[in-house]
Amino acid sequence: MDVSQYLEIFLDETKEHLQNLNTRILELESDPENADTINEIFRAAHSLKGMAGTMGYKRMQNLTHDMENVFSEVRNGTIRVMPEMIDVLFQCLDALEEYTENIQASADEGTNDNEALIRQLNDILNGGAASQSQEQAPAKTEEAASQPAPSGGNKWDSIRLDSSQIAVIQEARNQGKKVYGVNVMVQESCILKAARAFLVFKAVEEVGEIIVSDPSAQDVEDEKFDRDFTLIVLSDAELETVLHAAESVSEIEKATGAPLVLENNTSAETEEAPESIKTEKPAEQSAPETEKAAPAPAVPVQAAKPDGRKPAVSKPVVNRTVRVDIEKLDALMNLVSELIIAKNSLVSASSQEQTGGSNSSFNEQIEYLESVTTNLHESVMKVRMVPIESVVNKFPRMIRDLSKKLDKKMELYMTGEETELDRTVVDEIGDPLMHLLRNSADHGLESAEVRAQRGKPAVGSIFLDAYQDGNNVVIEVRDDGNGIDVEAVREKAIERGTITPEQAANMTDKDIIDLLFLPSFSTAKKVTDVSGRGVGLDVVKSKIESLSGEVEVKSKLGEGSTWTIRLPLTLAIIQALMVVVGDEKYAISLGSIQTLEDIPPSEIKLVQNKEVIHLRGNVIPLIRLNQVLDVESKRSEDENLIVVIVKKGDKTAGLVIDELIGQQEIVIKSLGKYVKQCKFISGATILGDGEIALILDANALI
Amino acid sequence: MELSTKFGSQVPDDENKRSSETMQYIVIRLGEEQYGIDIRNIETITRMQHVTRVPKMPAYLKGVINLRGVVIPVLSMRLRMNLEADEITKSTRILVLNLEQEGNVGFIVDEVKEVVSLNVDDIEKIAENNKEGKASLINAVGKHNGELISLVDLNAISLEG
């Protein structure tokens, strides 16, 4: 059988387990005695091992196996958690990540055996004088599993065997093979039962031959079974080996089995084997969750654990989720978009009709349709939302590593990990955030001596806060470090020729700080491999802007800096103001619009040869859109101007348009890379009549 | 234009190996000349419709249209070939090609005439020493019923000149 179709599940789960391990080991470092953490680590490591083994990734399996041994000893209390051990474990995780990446790239784990790491792990084991109990543990497993287990009333006894199958069994017996009945119970929380069952089939087939399955293999593959299925297996191996193979698959609650009693019975008797005669229980490897390899009866930890028959109690409640291919969601989203376009065209058709004679029931239906499409749109958007947790989870580990590397003491405080963003945004936001955090750690936080001089606590703090603010999500990266030295930036900019000394004198501190976002601008005095190669902040900025977001920085010298990233909640559908310039229609995102003004031409003043207007005490520069867009304005010179006041950060500008159409919900379509060069066009939308209107990016115009 | 030399010989080379085969081309008209475009690259042909202009674009890029809910760019084949600007008539069509790099791109042509099958032996590759002007967009000439049809190199046509 081919496992490649389960590669994706394997990769997804491996990544989850690795992330989980990363987080838990960090916890372990700060709280080495926490039994729950240790158990969780053990479980995750064990699942990893099982999965890697099933998929045939031997190197990965070996490494996780040795890690598992270490965890097992920690759990038994024979080894204490030491800082060096944590370091080794983290290196192991990195090695596992490397395997995973290799597998993702080429379906092959690579050839790195990581022998050094395995040796280190074994050193830890031996150092902890654990070798003795190490041997004990498997021995016990064996003992438990190989208890004689006569059958009676077991599921496999009720399987009807036809004569040819019995012949096969007899034949196998004659060849000295053993015949077992095996019942495999899948965890209740398991989503992909069929996939699990398949993996069990595969695992069992490695040690023996499955001759009968109930329900049939086809039904099992089609997920036509409840929570358990029964196999009759021919094997040279011991029963325990077979059961172990089945249980090595994750999300398998337990596998029970016994040698099949057929020898002295005819097939008819087998069929009739009465359910009521349950003399002895079958051998049972207790396997709460997926953890089981080293039962440690004498350890207090065990006492806290729930009985093996009640799985999923010790595990944090997991949301019931379905993995959906993002392309399917995109398709759904596109359909919703089409629906909204169709609705818009109905609305425009009805408003034209209305001049003739109104039809109230028609209007009611349209309003109803409008509310349905709006709700549908919201639901689809919500489906696409994922918490940023999946991205920010890796940061504590990163900060820990940075702390060691840079030899600075620092702590990362995160809030709002549960804040949700569109999946596409979450996927993209990781790198910019990582860069800002590295920046804070490297440039922001001062060295220990400086901090002491300034009377700051020895441990530097970096904060990562995420929260929702209206239609935006704000992510702030804050540190209590040095802040940005504006004068240093100013000098650097002059020295580099980015600005002239005269320009520099006229620029505000904020303008200077914005220079940092220019390509190839780094003020770091020495280049480290953490940051400071001059590729960074400009990449951060362009990445955020490509997501229709903005990034801002506030800084106070000596006190620290705050980087604020502001991202729109949704990308695909926005509220926009439709306007006419010349004879072309354009959309302007409502998010950036402040007010609409009617301005007589006499109020236009010239400042530095540029047109401005005074509005409630503010001087606002005018941008004539017909000039920007190269079209003839339809309005005469002496008519009042229609001005759309747009805002970006604390800058405002007035966009002069010819005509207003009104507010509309629009679906953003990409223009494709062919027409990407135009900076102030951020996309296009299809209007109700099928025509295209371009979307003006007010931020790029200001 | 450099790219045309790189990709230019692909189609004929490929076909020479199986000389008994025929290739199908859509024949279009630009002014007096006829051009053939490999039928495998054609997504659809639509009547001329309103093209939304995109500011600050080169002249040959006429704008964008809505093709079944997808926004696609539309180019003027005439301007791309350094011919005079289009004159929109009843027979003007937008030929939508599916290009490997850019996805769907529309081309405005004067007329779409017919589909012809050319025997591979009737397709003659053009030497590639002429590196400028429209010639670089043509990589072969096909003979059909005594007429010559210039075969357009699709790899060159969409790229910036």
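Trainee: Where is the place of E221(A), and what makes that stretch a helix?

Mentor: In this predicted model, E221(A) is placed in helix α9 of chain A, which covers residues 217-221. The name rests on DSSP, since helices are runs of H or I with at least four residues, strands are runs of E with at least two, and both are numbered from the N terminus. Residues are numbered from 1 along each chain as its sequence is written, while chains are lettered from A and ligands numbered from 1 in the order in which they are written. Local features need pLDDT of at least 70 and side-chain atom pairs count only at pLDDT 80 or more, whereas totals for chains, interfaces and linings use all residues.

Trainee: Why is E221(A) called partly exposed?

Mentor: The label comes from counting other C-beta atoms, placed from the backbone, within 10 Å of the residue's own: 20 or more is buried, 12 or fewer is exposed, and anything in between is partly exposed. E221(A) has 15 such atoms, so it is partly exposed.

Trainee: Which residues is E221(A) in contact with, leaving aside its neighbours within four places in sequence?

Mentor: They are A194(A) and F198(A), where contact means that the C-beta atoms, placed from the backbone, lie within 7 Å. The C-alpha atoms of E221(A) and A194(A) are separated by 5.0 Å, although the two residues stand 27 residues apart along the chain.

Trainee: What makes E417(A) partly exposed, and where does E417(A) lie?

Mentor: With 16 other C-beta atoms within 10 Å, E417(A) is partly exposed, and its place is the loop between β7 and β8 (420-422) of chain A. Leaving aside neighbours within four places in sequence, E417(A) has contacts that include P387(A), I388(A) and A466(A). From E417(A) to S390(A), 27 residues apart in sequence, the C-alpha to C-alpha separation is 8.4 Å.

Trainee: How do you know that D407(A) is exposed, and what is its phi?

Mentor: D407(A) has 9 other C-beta atoms within 10 Å, so it counts as exposed. Its phi is near 55°, a positive value in a residue other than glycine, and D407(A) sits in the loop between α16 (395-406) and β7 (410-415) of chain A. Such a value is worth noting because most residues other than glycine have a negative phi.

Trainee: What makes N145(B) count as exposed?

Mentor: N145(B) has 6 C-beta neighbours inside 10 Å, so it counts as exposed. N145(B) is not a glycine, yet it has a positive phi of about 50°, and it is found in the loop between β10 (138-144) and β11 (147-152) of chain B.

Trainee: Why are α8(A) and α10(A) called roughly antiparallel?

Mentor: The axes of α8 (residues 193-207) and α10 (residues 239-247) of chain A come within 8 Å and cross at roughly 150°. These axes are lines fitted to C-alpha atoms over the stretch in contact, and angles run from 0 to 180 degrees between N-to-C directions. Angles under 35 degrees count as roughly parallel, over 145 as roughly antiparallel, 65 to 115 as roughly perpendicular, and the rest as oblique, so α8(A) is roughly antiparallel to α10(A).

Trainee: Which residues of α8(A) and α10(A) make the contact?

Mentor: From α8(A) they include V200(A), A203(A) and V204(A), and from α10(A) they include T241(A) and V242(A). By class, this contact has 7 nonpolar, 1 polar and 1 charged residues, where Ala, Val, Leu, Ile, Met, Phe, Trp, Tyr, Cys and Pro count as nonpolar, Asp, Glu, Lys and Arg as charged, and the others, Gly among them, as polar.

Trainee: What makes β21 and β22 of chain A stand at the edges?

Mentor: The open sheet of 5 strands has the order β21-β13-β14-β23-β22 in chain A, with mixed pairing. β21 (659-667) and β22 (681-686) each have a single partner strand, so one side of each is left without a neighbour in the sheet.

Trainee: How do you know that β13 and β21(A) are joined?

Mentor: Two strands pair if DSSP finds at least two bridges between them, and 8 bridges join β13 (residues 573-581) of chain A to β21(A), the two running antiparallel. In one of these bridges, I573(A) has V667(A) as its partner in β21(A).

Conventions
Two residues are in contact if their C-beta atoms, placed from the backbone, lie within 7 Å.
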